[in-house]
Amino acid sequence: MDVVIEVPMSSKVKYEYDESFNCIRLDRILHNSNTFPYNYGFIPNTLSPDGDPIDIFVICEHRLVPGCRVKVNVLGGIETTDEKGLDHKLISVVCKDPDFMHYKDIVELPTAYTHKIMYFLKHYKDGEPGKFINVDNNFYDKEHALKLIKLYTNSNWFIVFSLFFFTYY
């Protein structure tokens with residue numbers, strides 16, 4: 001699966017893809033001492049309940065350039081909720097990275113990696129007015145992550161919206 005990198009690992013600068021200009025735009029600079037523990041981006045042609053594409057961490061030992069496409073293996077994810085709503089954060093490894101390409105599911109990944117992601121998510125919005133995040137205490141596996149990708153792929157978004165609309169209105 002291809003993803004697009006928005007933020008390189010170890011950065012305090014948060015970029016986001018701007019569809020209207022077809023480029024990477026500065027979103028903000030983190031208001032605390034946190035840096036992104038791994039590369040971070042999105043899955044093209046998806047739309048999650050918060051109105052943005054699905055977010056994804058891309059684990060490798062190298063800083064990847066914002067805007068580049070990378071083939072990854074999705075391992076799992078974690079559910080978060082922020083000021084914009086439900087916001088899943090998926091976790092992946094670079095398919096062509098010899099240090100990580102053998103990982104196939106999140107349960108195989110050393111816990112040091114998931115601990116860094118958990119800590120980052122719980123604190124990266126600290127100090128930012130009007131921003132908050134609630135992070136689930138458990139990661140979910142690859143199977144669940146792939147179901148979410150399928151559910152939130154743009155061709156399926158009408159079905160998701162219809163279910164939400166008819167359930168709540």
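The legends below describe close-up views of a predicted model.

**View 1. E128 and its surroundings in the predicted model.** E128 sits in the loop that runs between α1 (111–123) and β9 (133–141), and with a relative accessible area of 7% this residue is buried. Its side chain is joined to that of R28 by a polar contact of 2.7 Å. Once neighbours within four places in sequence are left aside, the residues in contact with E128 are R28, L30 and H31. E128 and R28 also belong to a network of salt bridges, in which K14, E16 and D27 are linked with them.

**View 2. The salt bridge between D18 and R25.** Side chains of opposite charge can pair when their charged atoms come close. D18 and R25 form a salt bridge in which the closest N and O atoms are 2.5 Å apart. The two partners fall into separate accessibility classes: D18 is buried, at a relative accessible area of 13%, whereas R25 is partly exposed, with a value of 40%. For the structure as a whole, the count of salt bridges comes to 14.

**View 3. The salt bridge between E83 and K131.** The side chains of E83 and K131 meet in a salt bridge, with an N to O distance of 3.4 Å. This pair links distant parts of the chain, given that E83 lies in the loop between β6 (69–82) and β7 (85–86) while K131 lies in the loop between α1 and β9, 48 residues apart. E83 counts as partly exposed, at 30% relative accessibility, and K131 is likewise partly exposed, with a relative accessible area of 31%.

**View 4. The salt bridge between E143 and K147 in helix α2.** E143 forms a salt bridge with K147, and the closest N and O atoms of the pair are 3.5 Å apart. Because the two residues are four positions apart in helix α2 (residues 142–152), about one helical turn separates E143 from K147. Both E143 and K147 are exposed.

View 5. A disulfide is a covalent bond between the sulfur atoms of two cysteines. A search of the whole structure finds zero disulfides. C23 is in no disulfide, and the nearest cysteine sulfur, which belongs to C68, is 15 Å away from it. For C68, the closest cysteine sulfur is that of C60, at a distance of 9.0 Å, which is too far for a bond, since the cut-off for a disulfide requires the two sulfur atoms to be within 2.5 Å. C23 is partly exposed, with a relative accessible area of 33%, and C68 is also partly exposed, with a relative accessible area of 24%.

**View 6. D52 in the loop between β4 and β5.** D52 lies in the loop between β4 (39–42) and β5 (55–59) and is partly exposed, with a relative accessible area of 22%. Not counting residues up to four places away in sequence, D52 touches T46, L47 and K84. D52 and K89 are 37 residues apart in sequence, and their C-alpha atoms are 12 Å apart in space.

View 7. N45, another residue other than glycine, has a positive phi near 65 degrees. N45 is placed in the loop between β4 and β5, and at 56% relative accessibility N45 counts as exposed.

Note on methods:
Residues are numbered from 1 along each chain as its sequence is written. This is a predicted model: local features need pLDDT of at least 70, side-chain atom pairs count only at pLDDT 80 or more; totals for chains, interfaces and linings use all residues. Side-chain values use heavy atoms; hydrogens and water are left out. Buried means under 20% relative accessible area, exposed over 50%, partly exposed in between (1.4 Å probe, protein chains only). A polar contact is a pair of N or O atoms within 3.5 Å; within protein, one must be able to donate a hydrogen and the other to accept it, and residues adjacent in sequence count only if both atoms are side-chain atoms. Contact means heavy atoms within 4.5 Å. A salt bridge is a side-chain nitrogen of Lys or Arg within 4 Å of a carboxyl oxygen of Asp or Glu.
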